[in-house]
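Here's a quick briefing to read alongside the model. Have the viewer open and follow along.

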Amino acid sequence: MSKQLLPIMTENSSFSNLRESGCIYVDKTGYIAKLIAISGKMYFLSRPRRFGKSLTVSTLEAIFQGKRELFKGLAIDQTDYDWKKYPIIHIDFSNCSEKTAEDLNTWLCERLDSIARPYRLRLEGRKKADVRFTELVERISVQGKAVILVDEYDKVVSDNALAENVGELRDTLRGFYQVIKAKGGCSVSCS
């Protein structure tokens, strides 16, 4: 009697979709459990392209959403992790194609507004992304320690590396990322 292999998902980096589809998953949740056991720390994960960074961010998001059912049979399910739900700020720059600092600022403000909605928060009319981000972190943290997940953090600068205005784009992102450093929350950034 031959054992049938599980399918391999190649078109999606969503942990939830991968687990719900019954596709093969190489269990790295034991390492992730050790990583998050040291609470209140910031982590920067860098690996070559197509090495599962977005899947790792998606896995972390599912963990911090308390979706224990997705982790049945995996290493983290055997730990004493409490499966508490945390407020999550997940920003994915993979679909950001902005070319100017003004457009990038607008894109960031729109993303922050969409993150705030499920938490029933309405951010003030401030037009600077870093100010809006600060407000979101402060207001969402009332519901519990905020988890900030950033995927493809450097895409905007990489896509515009040869543009004359790359410095302006970099300055906009620097101000935005400075909020994470200033607030000192649990943060994971991947590129």
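What follows is a short tour, from the overall make-up to a few local spots.

This is a predicted model, where local features need pLDDT of at least 70, side-chain atom pairs count only at pLDDT 80 or more, and totals for chains, interfaces and linings use all residues. Residues are numbered from 1 along each chain as its sequence is written, and side-chain values use heavy atoms, with hydrogens and water left out.

**Overall make-up**

- The protein has 7 helices and 4 strands, taken as DSSP runs numbered from the N terminus (H or I, at least four residues, for helices; E, at least two, for strands).
- Reading from the N terminus, the order is α-α-β-α-β-α-α-β-α-α-β.
- Of the 191 residues, 42% are buried; that means under 20% relative accessible area, with exposed being over 50% and partly exposed in between (1.4 Å probe, protein chains only).
- Among contacts with a separation of 6 or more, 65% are between residues 24 or more positions apart (contact means heavy atoms within 4.5 Å).

**Around Ser-14**

- Ser-14 sits in the segment before α1 (15-20).
- A polar atom of the Ser-14 side chain lies 3.3 Å from the backbone nitrogen of Asn-17.
- Setting aside neighbours within four places in sequence, Ser-14 touches Leu-55 and Ser-58.

**Aromatic pairs**

- The count comes to 10 aromatic pairs; rings of Phe, Tyr and Trp (its six-membered ring) pair if their centres lie within 6.5 Å, with planes under 30 degrees apart counted as stacked, over 60 as edge-to-face and the rest as tilted.
- Phe-15 and Tyr-25 make an edge-to-face pair, at 5.2 Å centre to centre with 75° between the planes.
- That pair links distant parts of the chain, with Phe-15 in helix α1 and Tyr-25 in the loop between α1 and α2 (29-37), 10 residues apart.
- Phe-15 counts as buried because its relative accessibility is 0%, and Tyr-25 counts as buried at 15%.
- Phe-93 and Tyr-177 are also edge-to-face, at 6.3 Å centre to centre and 70° between the planes.
- Here the partners are 84 residues apart: Phe-93 is in the loop between β2 (88-92) and α4 (101-116), and Tyr-177 is in helix α7 (residues 166-183).
- Phe-93 is buried at 0% relative accessibility, whereas Tyr-177 is partly exposed at 21%.
- Ring pairs join Phe-93, Trp-107, Phe-133, Tyr-153, Phe-176 and Tyr-177 into a cluster.

**Helix packing**

- The axes of α2 and helix α3 (residues 53-64) come within 11 Å and cross at roughly 65°; axes are lines fitted to C-alpha atoms, for helices over the stretch in contact, and angles run from 0 to 180 degrees between N-to-C directions.
- On the α2 side, Thr-29, Ile-32 and Ile-36 make the contact, and on the α3 side Thr-56, Thr-59, Leu-60, Ile-63 and Phe-64 do.

**Positive phi**

- Trp-83 isn't a glycine, yet has a positive phi of about 60°.
- Trp-83 lies in the loop between α3 and β2 and is buried, with a relative accessible area of 9%.
- Glu-152 isn't a glycine either, and has a positive phi of about 60°.
- Glu-152 is in the loop between β3 (147-151) and α6 (155-159) and is partly exposed, with a relative accessible area of 22%.

Key:
Polar contact = N/O pair within 3.5 Å; in protein donor to acceptor, adjacent residues only side chain to side chain.
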